[in-house]
Amino acid sequence: MKLLIIRFSSIGDIVLTSPVLRCLKEQLKDVELHFAVKHEYADLVRFDPHVDKVHELKDHLGALVQELKAERFDAVIDLHHNLRTARIKRALRVPAHSFPKLNIEKWLLVNFKRDRLPRQHIVDRYMSTVEHLGVKNDGQGLGLFIPSEREVPITSLPPAHQGGYTAMAIGAAHATKRLPPHRLIKLAGLVDGPIVLVGGKEDQIVAREIASAIGGRVFDATGRYDILGSASLIRQARSVIAHDSGAMHIACAFRKNVVSVWGNTVPSFGMGPYIPQHPERAHIAEVKGLDCRPCSKLGYERCPLGHFRCMERQDLEAIAAKAAQ
């Protein structure tokens with residue numbers, strides 16, 4: 001059987017598909033797995049031993065469609081479920097199964113605070129697309145594979161950090177998912193021992209503020225490494241603090257003690273930290289009792305009400321204590 005798995009983006013969503021890939025490959029006989037993904041995220045699946053071939057979406061969807069049509073798949077497992085994947089499914093004309101996005105339920109929670117979402121992680125919603133094949137969730141959690149040549153050597157870090165550090169992943173796709181800079185500085189001051197700041201180039205300004213305020217025990221790695229390099233720093237950390245972001249899911253893939261900090265979004269959307277083998281390592285930091293939360297299923301560039309209580313009222317001492325476990 002030749003199957004096409006589709007998940008174009010983003011970092012966390014792609015990492016969350018890893019149990020589907022593993023369970024399909026290990027529970028079905030003679031299955032060939034192909035994965036369609038955006039070019040900039042292809043490394044997240046390129047080295048997965050359960051994936052036989054990666055197809056990259058670059059500038060034009062039409063080129064990808066023609067590439068996929070030539071493969072003659074037996075079925076499509078659509079783990080993205082949007083207009084572009086609908087076009088692919090129409091073009092391939094083979095049986096397809098798409099995961100439930102629960103957009104109506106999310107809309108009700110955001111706009112009317114009526115929670116009709118199932119208490120089900122998105123991993124299990126992804127897994128529902130392959131139940132008809134007799135494939136079940138093995139409970140082994142997430143996976144991410146980094147070839148040795150793409151690892152960041154621990155010896156490349158300052159000597160004080162080579163004996164262990166806390167990784168602070170300071171980025172997230174939207175500002176209302178991120179602690180504001182003054183809160184990140186205070187949190188870094190409360191974290192014991194060496195800290196490595198992880199993030200992209202867009203996080204460098206804030207990272208410099210943190211490093212300047214805290215001093216030499218902070219190593220700023222933002223913007224220095226690609227996706228797998230940053231993932232390598234998370235893998236080698238003693239503990240990880242991250243927002244509702246791809247870094248949180250990467251930390252879970254490596255079974256790290258992770259403290260996930262939630263602002264305008266909520267774990268009940270189904271994308272909380274997922275470490276089924278060690279649930280005691282998955283911590284959630286959120287300000288409960290706010291009638292404005294969640295204000296979006298994604299996020300904004302500023303708090304719609306101006307007060308940003310979901311981040312300003314975070315218990316930073318508790319976050320630091322959980323990270324020290």
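Arg255 is partly exposed, with a relative accessible area of 25%; partly exposed lies between buried (under 20% relative accessible area) and exposed (over 50%), using a 1.4 Å probe and protein chains only. Arg255 has a positive phi of about 60° although it is not a glycine. The model is predicted: local features need pLDDT of at least 70, side-chain atom pairs count only at pLDDT 80 or more, and totals for chains, interfaces and linings use all residues. Residues are numbered from 1 along each chain as its sequence is written, and side-chain values use heavy atoms, with hydrogens and water left out.

**Backbone: positive phi**

- Most residues other than glycine have a negative phi, and most peptide bonds are trans.
- Arg255 sits in the loop between helix H11 (246-253) and strand E10 (257-261). Helices (H or I, at least four residues) and strands (E, at least two) are DSSP runs, numbered from the N terminus.
- Arg72, also not a glycine, has a positive phi of about 55°.
- The loop that holds Arg72 runs between helix H4 (61-69) and strand E4 (75-78).
- Arg72 counts as exposed, at 72% relative accessibility.

**Backbone: cis peptide bonds**

- Ser9 and Ser10 are joined by a cis peptide bond, with omega about -15°.
- Ser10 falls in the loop between strand E1 (2-6) and helix H1 (11-15).
- Arg293 and Pro294 are joined by a cis peptide bond, with omega about 0°.
- Pro294 belongs to the loop between strand E11 (282-285) and helix H12 (309-312).

**Aromatic pairs**

- Rings of Phe, Tyr and Trp (its six-membered ring) pair if their centres lie within 6.5 Å; planes under 30 degrees apart count as stacked, over 60 as edge-to-face and the rest as tilted.
- The count by this rule is 2 aromatic pairs.
- Phe99 and Tyr126 form an edge-to-face pair, 5.0 Å centre to centre with 70° between the planes.
- Phe99 lies in the loop between strand E5 (96-98) and helix H6 (103-112), and Tyr126 in helix H7 (residues 122-127), so the pair ties together parts that are 27 residues apart in sequence.
- Both Phe99 and Tyr126 are buried.
- Trp107 and Phe112 form an edge-to-face pair, 5.3 Å centre to centre with 70° between the planes.
- Trp107 is partly exposed, at 46% relative accessible area.

**Charge over a ring**

- The charged end of Lys2 sits over the ring of Phe73, 5.6 Å from its centre.
- The rule asks for NZ of Lys or CZ of Arg within 6 Å of the ring centre and within 35 degrees of the ring normal.
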